[in-house]
Amino acid sequence: MATDKLEEIKTAVESRFGDSILSFDTKDGRIVLKVSAQASHEVLSLLKDLGFEHLSDVTGTDYIKDGEFEIAYHLWSHAKKIRAIQKIRISRESPVVKSIVDLWPGAQIHEREDHELFGIDFVGNPDLSPLFLEDWKEIPPFRKDFDTREYVKRRYYGD
Amino acid sequence: MSKLLPRPIRSKGDAAANSLWVINYFTACGFMELLPWVGSGYDMERFGILAVATPRHADVLIVAGYVTEKAVSRIKRIYDQMASPKYVMALGSCPMTGGMYWDSYSTVKRIDKYIPVDLWVLGCPPKPENIGHGIVMAMNAIKGGFGGH
């Protein structure tokens with residue numbers, strides 16, 4: 001992996017969003033950058049212009065001790081053959097973030113899934129209706145405070 | 001020589017048992033073990049078993065693998081479209097007890113709470129031999145007059 005390519009990207013990102021970039025790591029030819037939630041959309045837009053044209057995944061993680069959700073955008077550059085992962089943190093109480101369907105239309109289904117499993121609201125996503133679950137009345141099941149065992153006992157093994 | 005001649009059909013059950021048409025609902029590994037029967041290795045067609053494209057042509061519904069909450073409504077819909085007499089075969093531990101998904105929030109634990117099941121085949125997943133054993137048991141039961149639903 002050419003390090004100068006990574007340095008080039010680092011310079012381009014940090015020169016424009018100096019304060020919003022919380023950390024910028026390169027590991028095993030991957031870029032992992034942590035960004036403040038406000039600047040997330042613009043940084044992704046810049047990364048897309050820098051050649052990361054493929055969005056692989058949008059994933060969520062529940063850090064319940066910090067009271068935050070982490071959203072990770074997994075990007076891939078076909079030309080540079082570099083993977084970039086952008087991570088943002090949003091509060092668990094009001095999990096609202098701007099949708100990126102205007103940058104990658106394929107993000108729609110990923111955001112819809114994250115909305116269903118974590119309850120994160122993606123503003124601007126045209127369809128956040130339930131994807132896998134039907135008639136779900138509990139809190140979103142991938143949240144750490146959702147007690148799967150208790151739910152299963154009540155739902156399936158009760159009298 | 002007489003063994004090579006076609007056997008006369010003795011009863012309605014005999015005819016039904018030798019022409020079981022199957023609609024499959026595959027969700028998981030159960031189907032991987034059923035595949036040898038579709039191919040020439042175990043060759044289900046020598047028993048007159050055919051895989052059909054629509055539930056309206058099918059006599060047997062095979063549920064192979066775990067069933068999610070969302071899938072169970074589809075399975076019910078397939079089952080309702082089948083013409084009587086119809087039979088249901090469930091493959092593996094998952095439709096029986098939930099199997100390894102016994103504490104999953106999204107899979108149903110017992111498929112027979114939703115549709116009647118006539119034959120359970122044990123295994124996680126069941127081996128092709130177990131499935132063949134089940135098929136022969138089902139054929140014998142139908143020959144013996146078991147009418148399904």
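How many residues does the contact take from chain A and from chain B? In this predicted model, the contact takes 9 residues from chain A and 6 residues from chain B.

**View 1. The side of chain A that touches chain B, by residue class.** Chain A contributes 9 residues to the contact, and chain B contributes 6 residues. On the side belonging to chain A, the residues divide into 6 nonpolar, 1 polar and 2 charged.

**View 2. Chain A, with its 4 helices and 7 strands.** Followed along the sequence, the elements of chain A come in the pattern α-β-β-α-β-β-β-β-α-β-α, and its C-alpha atoms fill a box of roughly 65 × 30 × 25 Å when taken along the principal axes. Of the 159 residues in this chain, 22% count as buried. Among the contacts in chain A that link residues at least 6 apart in sequence, 49% join residues at least 24 apart.

**View 3. The open sheet of chain B, built from 5 strands.** The strands of this sheet in chain B are arranged in the order S2-S1-S3-S4-S5, with parallel pairing. Strand S2 (50-51) and strand S5 (119-121) of chain B are the edge strands, each of which pairs on one side only. Helix H5 (residues 128-143) of chain B packs on the sheet, where it touches strand S4 (87-91) and S5 of chain B, and its direction makes about 165 degrees with that of S5(B).

**View 4. The pairing of strands S1 and S3 in chain B.** Strand S1 (residues 21-26) of chain B runs in the parallel sense with strand S3 (residues 60-64) of chain B, and the two pair over 5 bridges. Phe26(B) stands opposite Ala64(B), a residue in S3(B).

Conventions. Residues are numbered from 1 along each chain as its sequence is written. Chains are lettered from A and ligands numbered from 1 in the order in which they are written. This is a predicted model: local features need pLDDT of at least 70, side-chain atom pairs count only at pLDDT 80 or more; totals for chains, interfaces and linings use all residues. Two strands pair if DSSP finds at least two bridges between them. Two residues are in contact if their C-beta atoms, placed from the backbone, lie within 7 Å. Axes are lines fitted to C-alpha atoms, for helices over the stretch in contact, and angles run from 0 to 180 degrees between N-to-C directions. Ala, Val, Leu, Ile, Met, Phe, Trp, Tyr, Cys and Pro count as nonpolar, Asp, Glu, Lys and Arg as charged, and the others, Gly among them, as polar. A residue is buried if 20 or more other C-beta atoms lie within 10 Å of its own, exposed if 12 or fewer, and partly exposed in between; C-beta atoms are placed from the backbone.
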